[in-house]
Amino acid sequence: MTRHALIYLMAFATPGIMGFVSFGIYTRVLSPADYAVYSVGVSLAYLIGNVLYGWLRFALGRYQSEAPQTDFLPFTLASFAVLSGLAVPALAFAAVQFLPEFSILAVFAVLAMTVAQALFDITQEVRRARHHSAAFARLSIARSLTSFTLGTGAAFLFVSGSAVVAGIAAGFAALSILSLVALLRAAPSERAGDAVIRRFWRYGLPLSLSGLVFSGNATLARLIVGWLLGAEAAGHFGAALDVTSQLTGIVAASVAAIVGPMAIRAHVTSGRSGSSEHLADGAELFLAAMVPVVVGLILVAPLFGEVVAGRAFEAEVGLLMPLLALSRGLNAFAQFYLHIGFQIVERPLRQVVCGAVTLLVNVGASILLIGPFGVLGAAYGIVLGDIVGVLVSILLLRSVFPMPVPLPSLGRVGLAALAMTATCLAVLHGAEMSPTVLLALTVLAGAGTYGLAAVLLDVANLRRDVLPQALHWLKGGRRA
């Protein structure tokens with residue numbers, strides 16, 4: 001499991017690094033108002049895509065994991081084409097008629113990114129469910145590099161948030177076509193039967209609501225800030241939310257890419273005991289990867305804003321990042337780990353309820369708190385929503401599929417995180433140097449301390465399984 005997760009980490013790390021670099025570029029080239037167009041546009045594309053197509057992707061991942069020899073792609077692509085043909089023209093017409101403040105380029109870019117990103121994600125879901133981790137990684141890296149090149153090129157050439165979204169969409173479109181062609185050439189001969197397709201529909205369609213509530217959480221947070229505080233504040237808030245989402249999302253998606261399919265397949269072959277064993281290992285791996293990222297972002301937030309963000313963004317990014325890092329960590333734990341339980345037992349409506357409660361608390365708390373606290377109130381609101389979302393998820397899972405969260409794993413991860421925290425604080429408060437060097441030294445010292453502690457404590461079987469495999473691979477490489 002850990003080996004596959006490391007491959008997926010490479011696949012998601014490259015988009016994360018590109019997103020990190022592009023964040024530094026966009027916050028220097030674009031004004032806060034133009035950054036808001038980019039941030040809200042990308043978030044809207046993700047929201048619309050999750051509502052229209054997310055159920056296809058989730059259901060595909062669920063049933064492809066259960067039956068890797070079956071070809072679900074023809075049915076999925078037919079559904080994708082029908083949805084696109086009906087929804088995209090209607091959305092374009094509605095945007096032009098009722099949102100005149102949106103430019104034609106902005107509308108086109110958002111819808112193009114919606115369709116292209118959804119198609120790329122569908123093809124990647126097939127590979128993830130079949131454990132084709134190397135192919136998944138290659139395509140993810142290629143897509144990231146292409147979108148980065150086109151998006152940053154558009155930023156420098158046009159200094160426009162809409163143009164940046166269009167460039168990113170073009171990268172998704174190019175790689176989704178290449179990915180789809182490769183999948184169609186190597187498709188399995190066994191087609192999905194009518195009974196499976198009916199299960200596919202029954203399980204998947206409720207998840208369109210899940211896509212609305214979960215993706216709407218971050219999108220509405222941006223829109224509420226813009227509505228109450230203006231476009232510039234929305235740009236500041238969007239910048240802080242974007243970078244924390246990217247950095248935590250790399251880790252969460254890497255672990256979930258292997259934990260979910262393995263647990264679903266184990267449930268089919270070995271029942272609840274088999275899937276629970278995989279999930280217990282997955283919980284430790286997830287926490288071992290996520291906790292140091294969240295803690296690290298909280299510790300270096302002011303320095304990160306000063307060094308990485310553009311001058312117009314640095315104060316707000318440093319102020320908001322600790323709360324948003326906590327929020328994104330909680331959100332990832334709910335969506336990428338806890339909700340696997342709902343997928344295993346095919347209870348998507350409970351997943352929708354969790355998302356709806358999270359969304360309602362976030363929106364209500366944000367509206368109430370933005371008045372007295374400004375943009376910081378929106379961060380408080382999204383944290384409160386995510387805390388409630390985790391608690392509701394645990395409560396609703398208890399009666400259908402209690403997810404294991406082993407306490408010894410929590411203890412080991414906590415000890416390693418404490419060692420990392422002590423090291424980072426010692427560097428931050430004990431060294432006089434330039435902000436850039438101090439940030440780099442803090443990150444390296446913290447990562448090294450956490451890694452050493454994780455090995456000594458055998459977090460996620462690092463000492464017992466991963467290191468021997470790595471040494472064996474290195475010896476083989478030297479002999480070759």
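Mentor: Start with confidence, since this is a predicted model. Helix α16 (residues 462-479) has the lowest, at a mean pLDDT of 59. Helix α13 (residues 375-397) has the highest, at 95.

Trainee: And what does the protein average?
Mentor: A pLDDT of 86, with 91% of the residues scoring at least 70.

Trainee: Switching to charges. How many salt bridges are there?
Mentor: Five. One of them pairs aspartate 242 with arginine 222, at 2.4 Å from N to O. Aspartate 242 sits in helix α9 (residues 231-307) and arginine 222 in helix α8, so the bridge ties parts 20 residues apart in sequence.

Trainee: Are those two buried or exposed?
Mentor: Aspartate 242 and arginine 222 are both buried.

Trainee: What does glutamate 284 pair with?
Mentor: Arginine 412, at 2.9 Å, N to O. Glutamate 284 is in helix α9 and arginine 412 in helix α14 (residues 407-430), so this pair links parts 128 residues apart in sequence. Glutamate 284 is buried, at 8% relative accessible area. Arginine 412 is partly exposed, at 25%.

Trainee: Which residues are joined into a network by shared partners?
Mentor: Arg57, Glu125 and Arg128. Within it, arginine 128 and glutamate 125 have their closest N and O atoms 2.4 Å apart. Both are buried.

Trainee: Now the surface. Which residues form the nonpolar patch?
Mentor: Trp227, Leu228, Leu229 and Ile367, with about 410 Å² of accessible area together. Helix α8 (residues 206-229) gives the most, three residues.

Trainee: Is tryptophan 227 buried or exposed?
Mentor: Exposed, because its relative accessible area is 63% and the cut-off is over 50%.

Conventions. Residues numbered from 1 in each chain as written. Predicted model: local features only at pLDDT ≥ 70, side-chain atom pairs only at ≥ 80, totals over all residues. Heavy atoms only, no water. Patch = residues over 30% accessible without salt bridge, like charges linked within 9 Å, V, L, I, M, F, W, Y side chains within 5 Å. Areas by Shrake-Rupley, 256 points an atom, 1.4 Å probe, with all protein chains shown as cover. Salt bridge = Lys/Arg side-chain N within 4 Å of Asp/Glu carboxyl O. Helix = DSSP H or I, 4+ residues; strand = E, 2+ residues; numbered from the N terminus. Buried < 20%, exposed > 50% of the residue type's maximum accessible area, 1.4 Å probe, protein only. pLDDT = per-residue confidence, 0-100.
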